[in-house]
Amino acid sequence: MRIKTLPRIIALFLLVIIALSSGGCRLDTIQHNNDYVASVKRLVDDVVKDTREIKTFRETFNCRETEPSKQYISVMDSLCDSFQQILKLQATNEFDDYDNQLKESAKQALQEISQLKSLTSYSVETGDDTFYQNDVKELYQAYEFSYENLKDLSAQIQTYWRNA
């Protein structure tokens, strides 16, 4: 009798180990997804905060006022950093579609803010904001589109994960 139950006990023990190890992998994936969603939320919240500041600076921008101009450029640097961090996020397969769209919007927004930063810096250095005034409206409209997409995608990612 003992000889027949020993293989069954060993088989049961191996099944328990396999079940626990596969459950552990699933827990790692869940934790990675939690971290991803939290990072997206945090970074997009930073983008929202900085975009509000940029709108304020934009309304009062004068290239001959050095200190406010430096602050304006500093906020653009902060935005560029947030977009670069979004581009570096690693999503699991579960978020591939959302992640690709999020990164595309972040890439576009990064390009637009980088161009705006270049125009602003040039205006401050030269004291002539002609180029800035010529292009600022179009750049902000393009940025606004990418920015709204980022916010929407962040909300979709959070909703998807809450409902998963």
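Predicted model: local features only at pLDDT ≥ 70, side-chain atom pairs only at ≥ 80, totals over all residues.
Start with helix H2, residues 66-88, and helix H4, residues 130-163. H2 contributes Tyr72, Leu79, Phe83 and Ile86 to the contact. H4 answers with Tyr132, Tyr140, Tyr143 and Leu150. By class, this contact has eight nonpolar residues, with no polar and no charged ones. Two packed helices are described by the angle between their axes and the distance between the axes. For H2 and H4 the angle is about 35°, and the axes lie 14 Å apart.

Now turn to helix H3, residues 96-126. H3 has 31 residues. From its first C-alpha to its last, H3 reaches 45 Å. That is close to the 45 Å expected at 1.5 Å a residue. Just after H3 comes Gly127, with a positive phi of about 75°.

H3 also packs against H2. Here the angle is about 160°, with the axes 9 Å apart. How are H2 and H3 oriented to each other? Angles over 145 degrees count as roughly antiparallel, and H2 and H3 are therefore roughly antiparallel to each other. The contact of H2 with H3 divides by class into 15 nonpolar, five polar and four charged residues.

Note on methods
Residues numbered from 1 in each chain as written. Heavy atoms only, no water. Axes fitted to C-alpha atoms, helices over the stretch in contact; angles between N-to-C directions. Helix = DSSP H or I, 4+ residues; strand = E, 2+ residues; numbered from the N terminus. Contact = heavy atoms within 4.5 Å. Nonpolar A, V, L, I, M, F, W, Y, C, P; charged D, E, K, R; others polar. Expected span 1.5 Å × (residues − 1). Parallel < 35°, antiparallel > 145°, perpendicular 65-115°, else oblique.
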